[in-house]
Amino acid sequence: RATAAYIAFPSSWERVGSAMGRADYPQPVIELIDELKRLPGVGPRSAERMALWLLQGPKAQPSALAESIQSAASLVTSCPECGFFATAEGCPVCSDHARDTSKLCVVEQATDVLPIERSGAFKGLYHCLGGKLSPLDNVGPDDLRIGSLLKRLEGLQHVEIILALSADVEGEATASYLGDLLADRECSLTRLAQGLPAGGDLEHADALTVSRAFEGRR
């Protein structure tokens with residue numbers, strides 16, 4: 001009977017705890033954490049730490065951050081010619097008249113242009129496809145900027161097209177598709193060399209990397 005009474009009638013502490021509920025952040029803070037969790041690579045705990053730093057950090061400037069995000073979202077667009085980042089003043093690549101117009105480097109995303117530019121190894125033009133062929137993700141040729149690439153080539157004679165695409169299955173499929181598509185055009189088609197990275201150990205390289213390193217030896 002005592003056990004049954006205990007189950008039927010919880011203690012006063014349990015009744016008080018149930019009535020009070022658990023304390024949590026105010027709703028604006030919860031909404032901020034939820035928005036931060038949407039960022040790539042940011043989990044719940046990281047989002048919570050960033051939110052608290054923005055609200056309480058001595059060096060935090062949430063108003064300046066919000067203004068910068070708003071400004072970038074409204075002012076930065078995609079260049080209609082090459083697909084790189086652009087503003088109302090134009091595209092920094094297409095507006096550079098010192099560029100070598102006899103070379104056109106095809107990349108997947110606009111962000112792929114930056115490591116190439118930082119290397120200083122290429123001074124030509126770019127064309128960003130906006131992705132790569134991926135049937136599993138329902139990404140076909142019509143979903144990429146392949147049509148605009150063909151249109152650009154109409155105004156470029158004897159240009160070298162450099163395919164700087166990923167070495168995965170989707171990247172290989174995209175490169176093969178572009179190779180077949182451009183076979184009858186007056187252009188030369190090349191791909192970036194693949195093989196051992198600088199400072200890499202041979203013993204840690206996979207068989208495909210070693211094979212391509214031998215094929216691309218010089």
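Trainee: Hi! How do α3 and α4 stand to each other, roughly parallel or oblique?
Mentor: Their axes (lines fitted to C-alpha atoms over the stretch in contact, with angles from 0 to 180 degrees between N-to-C directions) come within 8 Å and cross at roughly 125°. Angles under 35 degrees count as roughly parallel, over 145 as roughly antiparallel, 65 to 115 as roughly perpendicular, and the rest as oblique. Therefore α3 and α4 are oblique.

Trainee: Before we go on, what kind of model is this?
Mentor: Residues are numbered from 1 along each chain as its sequence is written, and side-chain values use heavy atoms, leaving out hydrogens and water. Local features need pLDDT of at least 70 and side-chain atom pairs count only at pLDDT 80 or more, while totals for chains, interfaces and linings use all residues, since the model is predicted.

Trainee: How many charged residues does the contact of α3 with α4 have?
Mentor: Contact means heavy atoms within 4.5 Å, and helices are DSSP runs of H or I with at least four residues, numbered from the N terminus. From α3, V29, L32, I33, L36 and K37 meet α4 residues including E48 and M50. Ala, Val, Leu, Ile, Met, Phe, Trp, Tyr, Cys and Pro are nonpolar, Asp, Glu, Lys and Arg charged, and the others, Gly among them, polar. Next to nine nonpolar and no polar residues, the number of charged ones is two.

Trainee: And how many nonpolar residues does the contact of α7 with α8 have?
Mentor: These helices pack at an angle of about 40°, with their axes 12 Å apart. I146, L149 and L150 in α7 meet Y177, L178 and L181 in α8. With no polar and no charged residues there, the nonpolar count is six.

Trainee: Which strands stand at the edges of the sheet?
Mentor: Strands are DSSP runs of E with at least two residues, and two of them pair if DSSP finds at least two bridges between them. The open sheet has the order β4-β3-β5-β6, with parallel pairing. Each edge strand has a single partner, so one side of it is left without a neighbour in the sheet; these are β4 and β6.

Trainee: Which residue in β6 is the bridge partner of I161?
Mentor: β5 (residues 159–163) pairs with β6 in the parallel sense over five bridges. For I161, the bridge partner in β6 is L189.

Trainee: Is R152 buried or exposed?
Mentor: R152 lies in α7 and, beyond neighbours within four places in sequence, is in contact with residues including E81, L104 and Y126. Buried means under 20% relative accessible area, exposed over 50%, partly exposed in between (1.4 Å probe, protein chains only). At 10% relative accessibility, R152 counts as buried.
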